[in-house]
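I opened the notebook to record what I looked up in this structure. The entries follow in the order I made them.

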Amino acid sequence: MSTKIYPLQFEPILKERIWGGEKLKTVLNKPITSKITGESWELSTVEGDVSVVANGELKGKSLTELINDLPDEILGTAVYKRFGKQFPLLFKYLDAREDLSIQVHPNDELAKERHNSFGKTEMWYIMQADQDARIIVGFKEDSGKEEYLQNLNNKSLTSILDDIKAQAGDVFFLETGTVHAIGAGLVVAEIQQTSDITYRLYDFDRKDAQGNTRELHVDLALDAINYNKVDTYKKYDKAENESNVIVDCPYFTTNFIPLNGEKKVGKNGESFTVLMCIEGDFEITIENETYPYQKGDTVLIPAAIQKYSLKGTASILEVFIA
C-alpha cells in the first residue's frame, strides 16, 4: 500500500532562552508554558531536535524517517540530488523580550572544516515590532580585526556596529560572516540553512538564573567575520495573489504572497515548498481535500504535490530551493 502524501505540519520544538518571552503564545498561539520561551523550531533535522509530524496518517513520524523512506517525494528530485537525504533548511519563530547576543555564523567552508556542518546564511522577516525596536546588522563602516578587537575589549563594540530600527514587514538577509543581533521587542520568522553553529561575540555581560555568563567564541569568530559594511535590507513587491520574490540565493528562495482570494500553484517536483503563515488564515486545496492554516502555522508541502490552490486572506512566506 502506497503512503499518502499530503501537506505536513510538525510539533513545534520550543526553546527557553535567557532573552525569551511569552509572545510566541500571545502572538503566534504556540503551546508555551514558560515566560522565557525564545524560539519555536518549526521544521528541523538538527541532531537532537528533529521535527515530528503532528497531523494526518504520518503523525508521530520524524522528518528524518520520512526523508529516508521517500526522498524524492518529500525533498524533490533536484534537492535530493544536491543534498542527499538531508533537509537543508531550518525554520523558526523567535520572540526577543530582551536583546539577543551579538553573534556571527561561519560560511560553508569554515563550518565544514570545524564542525562538519553547513554554514548559516539566514533571513529575518519581522512579524511584530514594539515601538523603537532595533536590530544590529554588520558594521557602520568598513572595519578590520584590530579595530573590532579594540572595541570588543573596551566593551564599546556596539559603537562600530550598524544599528537599524525594525518594523513589521521588514526583511533582512544575512550572509555568513555578518555580525548581527535581534533587538528587544521583536517577533521574527527566521529561515536559514540547517545549522546550529553560532559564534557569540558579546552578551552584554548578562548572567543566567544561576549567576553564570554565557560562553563567548571570540577566537573562533575572528576568521568568520566579514569586516566590511554590508547591505542587508531587502525591498520587495506586494502584488496580491502573486509570489513576490524577497530573497533568491543559492541556499533558498523566499517569496511573499499577499493572499486575498485564490492563488493556483503548479510545481515541477524538483523541490519541496514550505509556507509560513505570518498574518491571517488560509487553506490549501488539493483535488477535493482542504487543509486549513492560521497565523503562526508552518506547513511543508512535499515535492510530490505539484498542483494545489491557496485560498483565504493571509500574508504567506513561500520557501523552496531553486
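**Aromatic pairs**

I began with phenylalanine 83, which is buried at a relative accessible area of 12%. The model is a predicted one. I then looked up the ring partner of phenylalanine 83. A search of the whole structure gives 10 aromatic pairs. Phenylalanine 83 belongs to helix α4 (residues 77–83) and phenylalanine 118 to the loop between α5 and β7, so the pair ties together parts 35 residues apart in sequence.

Next I took phenylalanine 87 and phenylalanine 272. Their ring centres are 4.7 Å apart with planes at 35 degrees, so this pair is tilted. Phenylalanine 87 sits in the loop between α4 and β5, and phenylalanine 272 in the loop between β15 (253–266) and β16 (273–286), 185 residues apart. I checked burial, and both phenylalanine 87 and phenylalanine 272 are buried. I also noted a cluster in which ring pairs link Tyr125, Tyr236 and Phe256.

**Charges over rings**

I looked up lysines placed over rings. The charged end of lysine 15 sits over the ring of tryptophan 41, 4.6 Å from its centre. Lysine 267 lies over the face of phenylalanine 320, at 4.4 Å from the ring centre.

**The sheet**

In what order do the strands of the open sheet of 6 strands run? I read the order as β1-β2-β5-β12-β7-β10, with antiparallel pairing. β1 (13–21) and β10 (171–174) are at the edges with a single partner strand each, so one side of each has no neighbour in the sheet. From one strand to the next, the twist averages 20 degrees.

I then went through the pairings. Strands β2 (residues 37–43) and β5 (residues 89–96) are antiparallel over 4 bridges, and leucine 43 stands opposite phenylalanine 91 in β5. β5 and β12 also run antiparallel, joined by 8 bridges; here leucine 94 stands opposite valine 188 in β12. Strand β7 (residues 122–129) is joined to β12 by 7 bridges, again antiparallel, and methionine 123 has isoleucine 191 of β12 as its bridge partner. For strand β12 (residues 186–193) I found 8 of the 8 residues buried, so the strand is largely enclosed by the rest of the structure.

**Ends of helix α5**

At the start of helix α5 (residues 108–115), a side-chain oxygen of asparagine 107 comes to within 3.2 Å of the backbone nitrogen of glutamate 109. Asparagine 116 follows α5 and has a positive phi, near 50 degrees.

**Salt bridges**

The search of the whole structure returned 20 salt bridges. Aspartate 203 forms one with arginine 206, with the closest N and O atoms 2.7 Å apart, and both residues are buried. Aspartate 203 also meets arginine 214 in a salt bridge (3.1 Å, N to O). I recorded aspartate 203 at a relative accessible area of 4%, whereas arginine 214 is partly exposed at 22%. Which residues make up the network of salt bridges? I listed Arg97, Glu98, Asp203, Arg206 and Arg214.

My last entry is the salt bridge between the side chains of glutamate 279 and lysine 295 (3.3 Å, N to O). Glutamate 279 is in strand β16 and lysine 295 in the loop between β17 (289–294) and β18 (298–301), so the pair ties together parts 16 residues apart in sequence. Glutamate 279 is partly exposed, with a relative accessible area of 40%; lysine 295 is partly exposed at 22%.

Conventions
Residues are numbered from 1 along each chain as its sequence is written. This is a predicted model: local features need pLDDT of at least 70, side-chain atom pairs count only at pLDDT 80 or more; totals for chains, interfaces and linings use all residues. Side-chain values use heavy atoms; hydrogens and water are left out. Two strands pair if DSSP finds at least two bridges between them. Helices (H or I, at least four residues) and strands (E, at least two) are DSSP runs, numbered from the N terminus. Axes are lines fitted to C-alpha atoms, for helices over the stretch in contact, and angles run from 0 to 180 degrees between N-to-C directions. A polar contact is a pair of N or O atoms within 3.5 Å; within protein, one must be able to donate a hydrogen and the other to accept it, and residues adjacent in sequence count only if both atoms are side-chain atoms. Buried means under 20% relative accessible area, exposed over 50%, partly exposed in between (1.4 Å probe, protein chains only). Rings of Phe, Tyr and Trp (its six-membered ring) pair if their centres lie within 6.5 Å; planes under 30 degrees apart count as stacked, over 60 as edge-to-face and the rest as tilted. A charge sits over a ring if NZ of Lys or CZ of Arg is within 6 Å of the ring centre and within 35 degrees of the ring normal. A salt bridge is a side-chain nitrogen of Lys or Arg within 4 Å of a carboxyl oxygen of Asp or Glu.
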